[in-house]
Amino acid sequence: MSDSILHYTLLSSFAICIHKLIQSIKWRNEDSSEVANVIPTQVIQPKFDVEGELLATLREMNCIPESISCEKGVDIQFTYQGENLLIRTDEDYRIVKIVDPYWFGGNQDDIDKFSEVRKAINQVNKDLIGTTLFYNIDERDKQFHVSSIDRIIVANDTEETKRSLESAIGGFFQAHRC
C-alpha cells in the first residue's frame, strides 16, 4: 500500500474515531451546551482534484484526454494504443471506473457465435483479476457488443496513478486476447 493511500486511510480512521468520541461526550453531557459548542461534529478533509490528477496522468502517458461534465462528476475520454477508453469519475470519491466500450460485437442471431462469446465472457470473468467483461444487446439492429470495466483508486502521486491505469488497461488488452 502506498504512503499516500495509507496516510488517507489513517486520516479517515482517525476522523471516524474522533467523531465517535465527540458523540459519546455529547451523549454524556446532553445538558451542557458548552460541550456542543466547543467540539466540532465533523472533521473536514480537503477536497482532492481527481479530474486534475487523471488529466495530468493521461497527458504523461501521451494521451489526449477530453473531459465531459456529467451530473455528478466528469467523464474523461481518451485513446491509448489505438483503443478508445472512458474514465467515469464521481466528485465524492477517488475510486473511478475505467471502461473499454464496445470492443467486440456481432449479430445476435448468430447463435453459435453469441453462445461462444457468452462462454468466453464467463471464463474471463472467472479467471481475470480486476477486469470484468459484459455484453449489451441492441434490439434495434440485433447486435451484441462486448465491453470491459475496471476500477482504480486515484492516488496523490501521478506515477502511482499511472501504474494503476496501465495495469487496468493491460487487463483490457489481456481480455481482448481471450
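Mentor: Start with Asp75 and Arg88. They form a salt bridge (a side-chain nitrogen of Lys or Arg within 4 Å of a carboxyl oxygen of Asp or Glu). The closest N and O atoms of Asp75 and Arg88 are 2.5 Å apart. Asp75 sits in strand β2 and Arg88 in strand β3, so the bridge ties together parts 13 residues apart in sequence. Helices (H or I, at least four residues) and strands (E, at least two) are DSSP runs, numbered from the N terminus. Asp75 is buried, at 8% relative accessibility, whereas Arg88 is partly exposed, at 42%. Buried means under 20% relative accessible area, exposed over 50%, partly exposed in between (1.4 Å probe, protein chains only).

A word on the numbers. This is a predicted model, with residues counted from 1 along each chain as its sequence is written; local features need pLDDT of at least 70, and side-chain atom pairs pLDDT 80 or more, while totals for chains, interfaces and linings use all residues. Side-chain values use heavy atoms, without hydrogens or water.

The structure holds four salt bridges. Another one pairs Lys72 with Asp92, with 2.7 Å between the closest N and O atoms. Lys72 lies in the loop between β1 (66-70) and β2 (73-80), and Asp92 in the loop between β3 and β4; the two are 20 residues apart and link distant parts of the chain. Both ends are partly accessible. Lys72 is partly exposed, with a relative accessible area of 40%. Asp92 is also partly exposed, at 42%. Asp138 and Arg140 form a further bridge, at 3.4 Å from N to O. Arg140 is exposed, with a relative accessible area of 76%.

Now the charge without a partner. Arg94 is in the loop between β3 (83-88) and β4 (95-107). Arg94 is buried yet has no salt bridge. The nearest side chain of opposite charge (Lys and Arg count as positive, Asp and Glu as negative; His and the chain ends are not counted) is Glu160, 8.3 Å away. The Arg94 side chain does have a polar contact with that of Asn156, at 2.9 Å. Such a contact is a pair of N or O atoms within 3.5 Å, one able to donate a hydrogen and the other to accept it; residues adjacent in sequence count only through side-chain atoms on both sides.

Strand β2 also holds Tyr80. Tyr80 is buried, with a relative accessible area of 14%. The C-alpha atoms of Tyr80 and Glu166 are separated by 9.7 Å, although the residues are 86 apart along the chain.

Last, two backbone points. Most residues other than glycine have a negative phi. Asn62 has a positive phi, near 65°. Asn62 is in the loop between α3 (50-60) and β1, and it is exposed, at 73% relative accessible area. Tyr102, not a glycine either, has a positive phi of about 50°. Tyr102 is in strand β4. Its relative accessible area is 52%, so Tyr102 is exposed.

To sum up the pairing: Asp75 with Arg88 at 2.5 Å, Lys72 with Asp92 at 2.7 Å, and Asp138 with Arg140 at 3.4 Å. Arg94, buried, has no salt bridge.
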